[in-house]
Amino acid sequence: MPDKIEVNIRIPNKTRYLSLIGQIGENLALALDKYGGDREELAYHINLVLTEAIANAMIHGNVKDPAKDVHITIGVDNECLRIRVRDQGQGFDINSLPGPEGNALDDHGRGIHIIRCLMDEVTYRRLDDGNVLEMVKCLSPVPSSKRDTSSE
Amino acid sequence: MNCDVTEQGKAVVVELKEERLDAHNSNEFKSQMLSLFEGGKNNMVINLKGVRFIDSSGLGALVSGFKNATARNGSLKLCGLQPQVKSMFELTRLHRVFEIFPDTEAAVASF
């Protein structure tokens with residue numbers, strides 16, 4: 001049974017905090033006691049998906065409003081690493097975003113694709129006061145297939 | 001956005017002095033490239049050897065620079081990618097878009 005860890009962070013809607021939270025996620029991944037895969041790679045990927053999800057929440061969810069904030073929860077439980085990123089905005093349709101097969105020369109639209117590639121489960125849900133993007137990475141044997149679901 | 005800009009051969013070389021290229025500094029980087037294009041520097045090499053971390057905004061800034069250079073009959077090429085940064089280009093299939101060289105010398109010589 002791995003150690004249970006939960007980290008809760010609330011940050012202002014400012015991109016200057018991206019590197020701070022990404023680094024916290026990276027260090028947490030490096031400290032996992034039972035991970036059989038490439039720990040350095042996992043840590044880099046956790047930094048990356050945190051950066052992508054929080055930037056998305058700040059820019060698209062909270063529409064760059066400095067009065068809003070972003071709430072991040074990083075948890076390790078039952079051999080899964082679970083990240084929740086909550087914004088206070090109107091939300092967007094995660095399934096309407098282009099994948100890499102879209103216009104190769106678009107300036108935007110790669111963030112969710114990167115998250116979907118690197119995490120095992122990705123969901124985006126509407127809450128009473130915002131939205132939550134939840135991402136799960138299995139830390140034990142690689143799952144037979146990746147799941148990608150979303151709800152309204 | 002810290003970077004060194006030097007003219008080498010037929011190209012201007014921009015060496016980024018930031019460990020991260022992300023949503024916090026990518027717009028500033030885009031503006032710096034645009035200033036160089038507007039000054040007639042249409043052949044550009046971006047040296048990423050100091051960049052350990054790049055996100056989709058950073059990739060988007062480079063795509064924007066690539067399009068700007070091409071529209072001005074120039075070219076934007078990359079060099080010095082660290083392995084994890086290179087893997088982001090592969091994940092997003094952008095390695096098919098950019099010419100990528102191991103170092104500045106090879107990139108500059110290709111113009």
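Between chain B and chain A there are 9 residue pairs in polar contact, both residues being at pLDDT 80 or more; a polar contact is a pair of N or O atoms within 3.5 Å, where within protein one must be able to donate a hydrogen and the other to accept it, and residues adjacent in sequence count only if both atoms are side-chain atoms. On the side of chain B that touches chain A, the elements giving two or more residues are β5 (53-54), α2 (56-71) and α3 (83-91) of chain B. Of these, α2(B) supplies the largest share, 7 residues. By class, that side of chain B has 11 nonpolar, 6 polar and 7 charged residues.

A word on conventions. This is a predicted model, in which local features need pLDDT of at least 70 and side-chain atom pairs count only at pLDDT 80 or more, whereas totals for chains, interfaces and linings use all residues. Residues are numbered from 1 along each chain as its sequence is written, chains are lettered from A and ligands numbered from 1 in the order in which they are written, and side-chain values use heavy atoms, with hydrogens and water left out.

In total, 24 residues of chain B are in contact (heavy atoms within 4.5 Å) with 27 residues of chain A. The two chains bury about 2,100 Å² between them, 60% of it on carbon and sulfur atoms; this is the accessible area (1.4 Å probe) lost on being put together, summed over both.

How many salt bridges are there between chain B and chain A? The count is 1, with a side-chain nitrogen of Lys or Arg within 4 Å of a carboxyl oxygen of Asp or Glu as the criterion. Glu26(A) pairs with Arg52(B), their closest N and O atoms being 2.9 Å apart. Over all chains, the search finds 13 salt bridges.

Finally, the helices. His45(A), Leu48(A) and Val49(A) are among the residues of α2(A) that meet α3(A), where the residues involved include Ile112(A) and Leu118(A).

Methods. Helix = DSSP H or I, 4+ residues; strand = E, 2+ residues; numbered from the N terminus. Nonpolar A, V, L, I, M, F, W, Y, C, P; charged D, E, K, R; others polar.
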